Amino acid sequence: GKMAAAASGPAAPVCVLVLGMAGSGKTTLVQRLAAQLHAQRCPPYVINLDPAVRELPFPANIDIRDTVNYKEVMKQYGLGPNGGIVTSLNLFATRFDQVMKFIEKRQNASKYVIIDTPGQIEVFTWSASGTIITEALASSFPSVVVYVMDTSRSTNPITFMSNMLYACSILYKTKLPFIVVMNKTDIIDHSFAVEWMQDFETFQDALNQETSYVSNLTRSMSLVLDEFYSSLKVVGVSAVLGTGLDDFFVQLSKAVDEYEREYRPEYERLRKTLEKAQNKQKREQLEHLWKDMGSVCVQGSTLAGSGDASAMGPSELILTRGTLDEEEEERESDTDDIDHEVTEESHEEPAFKNFMQETRMKYQRRSNTNE
C-alpha cells in the first residue's frame, strides 16, 4: 500500500493510452480526466498524439502538432488524411525517446500520463509507429489501454458486436491491461450492454430481432468473445457530466495491479532483449518507418552509422506547450541538461525544421531517380 510506495520512492507514473473510434468522445474523456485530477491536486502529464485535431479542449504538455505540421506533411508527400496522420505519427515516433525522457523527468510530479491518440483509431493500433510508442511506454511504466466506445451508438446488437470484436483485436495487439469505457451514459444507460456481455441468452434474443445474414455471423462470433468478456473490465461513464469517473479510477488501479502481476515481467524481458538488440532493432524500425514514408535514404546508405545519421536523427527537443507557470523553473533546468548534449546546434524549432528539410530533400531526390 502507501507505506510500500513511500519506502521505494515515488511510484512510476501510470500511462493511460486512450483509444476509441472517431466520435466516441475520447478527447472529451481526456479533458474530463485531466480536470478531475487537477481538482484533486494531482495534475496529470498530458500528451496529444492526434496531429489532425483542430482544437484541444485541454492543455497538453507535449503536443505532436508542435513538431509536426500535418497539413504540411500531406502537401509535401502528396497524401490523403489518413496517410498524413500515419506519416506524422511516424515522424513523431522516430523521436519518441525524447518524450520518454520528459516523462521520466516528471515522474515525481505526475501520477498519471494521459495519452490522447488519433481519431482514426486504426492508424494508431495497426501502424509500426503506434507499436513503437506503445512498447516504449509499456516497457518503462505501468501502462493501461482505455478503449472508449459510444454506448448510444451500440444499442444495435450487430454494431455492439463489431465494437467488441474491434476491442478484442486491440487487446490482443497491445498485450496490455484493458478497460472498456462505455461513454455517453448521459444519453443511455450502459446496463443493456453489460447484460449482453454477461448473459449469452439475452444477446441471442436481441439478435433474433435482426434478420440479416450478419446476425448468423454475429451469433457464432459472440461465442468466441465469451472468454474475452469474462476477464474484461467495463465501466460506464459520461465524459460530459463526469459521472462514473470514481469507478473508472478503481478499475484503473486494478488494471495497474494486473500490469505489475502479469505484464511487467514480460515487458522487462522484452526490454532486456531490446537493449541487447536495441541499436540493430532501432535502426531497422526507423528504416521501416522511413520506408513507410517512402523516404529511404539514397543509394542504400543505412540510417544509422552513415555520414548523415545526424540529419536523419530525432529533433533535439520536442517543444512543450500549455505548461503551467510552476513548471517554469523546471523547464530552465531541462534546457541546461539538454545543453550538455547539444552544444553546437540551437535546439529550438530549427533543429526539427532542418530535419524535415533533409527528409524532404532525400524524398524528392528519391522520387526524381524513380521517374
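Okay, helix 5 and helix 8. Helix 5 covers residues 81-93 and helix 8 covers residues 128-138, and their axes come within 8 Å and cross at roughly 40°. Those axes are lines fitted to C-alpha atoms over the stretch in contact, with angles running from 0 to 180 degrees between N-to-C directions. The crossing is left-handed, that is, the near helix is turned anticlockwise from the far one by less than a right angle. Who makes the contact? From helix 5 we have Val86, Leu89, Asn90 and Ala93, and from helix 8 Ser129, Ile132 and Ile133; contact here means heavy atoms within 4.5 Å. By type, that is five nonpolar, two polar and no charged, where Ala, Val, Leu, Ile, Met, Phe, Trp, Tyr, Cys and Pro count as nonpolar, Asp, Glu, Lys and Arg as charged, and the others, Gly among them, as polar.

Before I go on, the ground rules. This is a predicted model: local features need pLDDT of at least 70, side-chain atom pairs count only at pLDDT 80 or more, and totals for chains, interfaces and linings use all residues. Residues are numbered from 1 along each chain as its sequence is written, and side-chain values use heavy atoms, with hydrogens and water left out.

Now the whole chain. There are 17 helices and seven strands, taken as DSSP runs numbered from the N terminus, with helices being H or I of at least four residues and strands E of at least two. Of the 371 residues, 47% count as buried, meaning under 20% relative accessible area, while exposed is over 50% and partly exposed is in between, with a 1.4 Å probe and protein chains only. The chain exposes about 18,000 Å², and carbon and sulfur atoms supply 51% of that; the areas are Shrake-Rupley, 1.4 Å probe. As for contacts between residues at least 6 apart in sequence, 77% join residues at least 24 apart.

On to single residues. Lys26 lies in helix 2, residues 26-39. Buried or exposed, this lysine? Lys26 counts as buried, because its relative accessibility is 6%. Its side chain reaches the backbone oxygen of Thr117 at 2.7 Å. That is a polar contact: N or O atoms within 3.5 Å, one able to donate a hydrogen and the other to accept it, with residues adjacent in sequence counting only if both atoms are side-chain atoms. Leaving out residues up to four places away in sequence, Lys26 also touches Asp116, Pro118 and Val148, among others.

Thr151 sits in the loop between strand 5 (143-150) and helix 9 (157-174). With a relative accessible area of 0%, Thr151 is buried. A polar atom of the Thr151 side chain is 2.6 Å from the backbone oxygen of Asn183. Beyond four places in sequence, the residues that Thr151 touches include Met182, Ile188 and Phe192.

Next, Ala206, in helix 11, residues 200-208. Ala206 counts as buried too, since its relative accessibility is 17%. Outside its four-place sequence neighbourhood, Ala206 touches Pro157 and Trp196. Trp196 is ten residues away in sequence, and the C-alpha to C-alpha distance is 8.7 Å.

Last one, Pro265, which is in helix 14, residues 245-292. Pro265 is partly exposed, as its relative accessible area is 45%. Setting aside neighbours within four places, Pro265 is in contact with Tyr259 and Glu260. And Ser139, 126 residues apart from Pro265 along the chain, has its C-alpha 9.5 Å from that of Pro265.
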